Amino acid sequence: MSSIPSTTELVSLGAPVALGDGTRIRIRQGHSSDRGLLLRGFERLSPQSRYRRFLVPIPELSEGTVRYLTEVDHHDHEAIIAVDEETGEGVGVARYVRDLKRPDTAEVAVTVIDDWQGRGVGTLLVEVLSARAREEGITTFTALMLANNSDMMDMLSRLGPVRIVDQEAGTVEIEMSIPKIGLAPALKKLLRIAARDDVVVPPGGRQRAGRIAPQR
Amino acid sequence: MSNDPINRMAMTTTAAVGPSSAGVHTPIPERSGLELSTGAETLGAMFLRAGGRDGSALRYKENGDWREISYREFVRSARDVARGLIAVGIEPGQRVSILSDTRPEWTIADAGSLCAGTVVAPIYHTNSPEECEYVLRHSEARAVFCEDESQIAKIEQVRSRCPALQHVIAFRGAGAGSLSIEQLVELGREISDEQVEARVGAVGADSLASLVYTSGTTGPPKACMLTHRNWMEQAHMIEESLDLARHDAPIEFFLFLPLAHVFGRITQMCTLDLGGTLIYWTRDPTRLLEDIQEARPTYFSSVPRVWEKIYTAATSGIAEQPRLKRALFSWSLGVGHRLRERERGGAAPGRVLATEHRIADRLVHRKVRDLFGGRLEMAVTSAAPIAREVLEFFDACGIVLLEVWGMTEMCGAGTLNTEQEMKVGTVGKPGSALEMRVGPDGELLARGPIVFAGYFKNEEATREALREGWLATGDLGSIDAEGFVTITGRKKDIIITSSGKNITPANIENALKQTRWISEAVVYGDNRPYLVALLTLDAEEAPKLAEQLGIPPDVPAMARDERVRAEVQKAVDAVNARFARIEQLKRFAILDREMTQQHGELTPTLKVKRAFVYAQFGDVFDSLYD
């Protein structure tokens, strides 16, 4: 089996994943029908998390923004979402949008609902997103984030070496090569569980998501 | 262990000080030369000891006359306030707020509260009722000192939502729901001086002394927990670094900065620790320079905004002068500059330069020094970056203006330029109570006994700020081979105006975006005297506004339309009413389109590129300061 999963394989990832605390989520691609999921998820996002995502305060999402974020073409723009298995509500989303001037490069953004932060959801989403990006010919991720957003920085650093390109106005811009390997262990296991068992994701922290261990 | 962070405070100690393990760092040298200091370990003990001093503690102007309060009177008053607070049932460690402009009563209320073993949580006198409510509720203040009727009125508006608040104590204008200072003192008659001393004695160096509120990235301000050790170590560090403690005559410090800000408050503490005199302004910003000239202080600290104002006042009109006068002015500055450089290099000026300097001094320098009353020995600028030309101008005129860098989280100063060790363009060397190094991402890290104990009721923010004993300052910088620190940028996305106020743009931006007509708001004001914003009209709402005004629904045309501006102004006014004066938007511009990815203001994932907006619309922002 190739270390890079195909879209078909990813779609099959709608199987449950158990997080370290026993809660279960499903990971899948986002679609235009996820509009309600996005809006309800946004309502549950704290002002701080909204600010981290958009770098400005966002009291509500405009119609245009909702369309932009849900109507993804899965080529230049991909969204991978995590859904709480119990409630069916969205708990996180990672997306890339290709830089049209540098087609091998895309900007990445990750959001996880506050209650679900620090439990490994973001790391899982980024790993799956990386695989999708590679599949679509994207080799470099860029990200603009608040300079004090250590969660995002840690999450990306776990994926591979991160280079700081610019720092200004309280933000930091980074660039990184999307590793060809490295996300494989986690994904392989994810794919395996699609057919068999659940997996346990260690809670956030410093551990690499690659150390996912089968649940006893 | 208690759940109350205040009680827990007493059981923890501040970060241990020792040699750093990695990176460029400056170790903490030996302490020396604090002859004039009370040498106290807590603020309460410092005040009580100061009661035995001769001389004048506070000087202020009332009804046109300058009046003085001796150290004995000052400390007597502080004890009276402390007895009153004990009498009305305020327990050690409980919080007491002060809501007032800078005036002697502030200092007395502060000293009194600290002598009662309480924790002082100051509120900016310019704060809106909502903002006052936040501090009172968050700190669970049991009492608040209010300056006058207008401040009491603010508290009355929110009092029912502040369950812990039991006493409103008025400096003046006490009404039905408040106690006057005199009444408080009267109630304290039954309390003995020994009880006050016992309260002071029970406070340890690691007990909490104050909660100082400072801006966070989003949402409400964060409360820095500052211990008695933080304050005393900081005071001693400044006294030592600036050589204030070995002075022949007690220093006379002009005070106008808000005492709710750590910079003003530490100035107050240093002066009183050394037996100096605090001279208060008359609280009229238009009279600031006149106040200083009359007060003739020997020391003065201020924020860049004020130095820039004085610089502009001193240099304005020069451009319109005849060529000869203009030439004379710039020659004088050049002579002053050369002389100072020689002096700093340890060389004598030489006969020619000395003669030139005498002339230049009489023609120009002395006049500038006279703006400060003619007795100024040293001045400090801090809280925001200052322009090099402003520093060099005062320096050439013989005013020792030292740039200091610091933050609330270190109880005031961190690095200082001093008369002996000064490098323009840097913020000086770390003070003796601080060890500094540069982190892997270029962030300045600091540790030492002046570093705060964390944010009150905010463990997450505390964890982010204090990592393995080091305070992440949020500023990017470098430390040169001689140990001078240069600030190169900021990690935190806050605005620091030239008045030194840290402002979270997100709060007012959020409020603006919640109004009907505004879709995007980018607030600007770093190193500027006030806040401005670039606004965009909400494309979904614009047609309705056009209909209401009877104009075509064409956004670019609407952005230029005075009637649209007037409507937007109404929205801005309503938002401003919820913020303190300094956080309000003074002017704004309306962009004739939405911000987009194509124009570069948004990233592909729709993040707003603030730095790009600031650069792209630099001219627009500049025009809002004309």
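**Chain B: domains and a helix pair**

A: The domain assignment, automatic or taken from a database, divides chain B into domain 1 (43-203 + 242-298), domain 2 (308-374 + 376-495) and domain 3 (504-623). The model is predicted: local features need pLDDT of at least 70, side-chain atom pairs count only at pLDDT 80 or more, and totals for chains, interfaces and linings use all residues. Residues are numbered from 1 along each chain as its sequence is written, while chains are lettered from A and ligands numbered from 1 in the order in which they are written.

Taken over C-alpha atoms, the centres of domain 1 and domain 3 of chain B are 40 Å apart. Six residues of domain 1 of chain B are in contact with five of domain 3 of chain B, contact meaning that C-beta atoms, placed from the backbone, lie within 7 Å. The side of domain 1 of chain B that touches domain 3 of chain B has one nonpolar, three polar and two charged residues. Here Ala, Val, Leu, Ile, Met, Phe, Trp, Tyr, Cys and Pro count as nonpolar, Asp, Glu, Lys and Arg as charged, and the others, Gly among them, as polar.

Turning to the helices (DSSP runs of H or I, at least four residues, numbered from the N terminus), α13 (residues 323-344) and α15 (residues 388-396) of chain B pack at about 85°, with axes 8 Å apart. Axes are lines fitted to C-alpha atoms over the stretch in contact, and angles run from 0 to 180 degrees between N-to-C directions. α13(B) and α15(B) are therefore roughly perpendicular, a term for angles of 65 to 115 degrees. In this pair, L333(B), G336(B), H337(B) and R340(B) of α13(B) meet E392(B), F393(B), D395(B) and A396(B) of α15(B).

Notes. Helices (H or I, at least four residues) and strands (E, at least two) are DSSP runs, numbered from the N terminus. Angles under 35 degrees count as roughly parallel, over 145 as roughly antiparallel, 65 to 115 as roughly perpendicular and the rest as oblique. Two residues are in contact if their C-beta atoms, placed from the backbone, lie within 7 Å.
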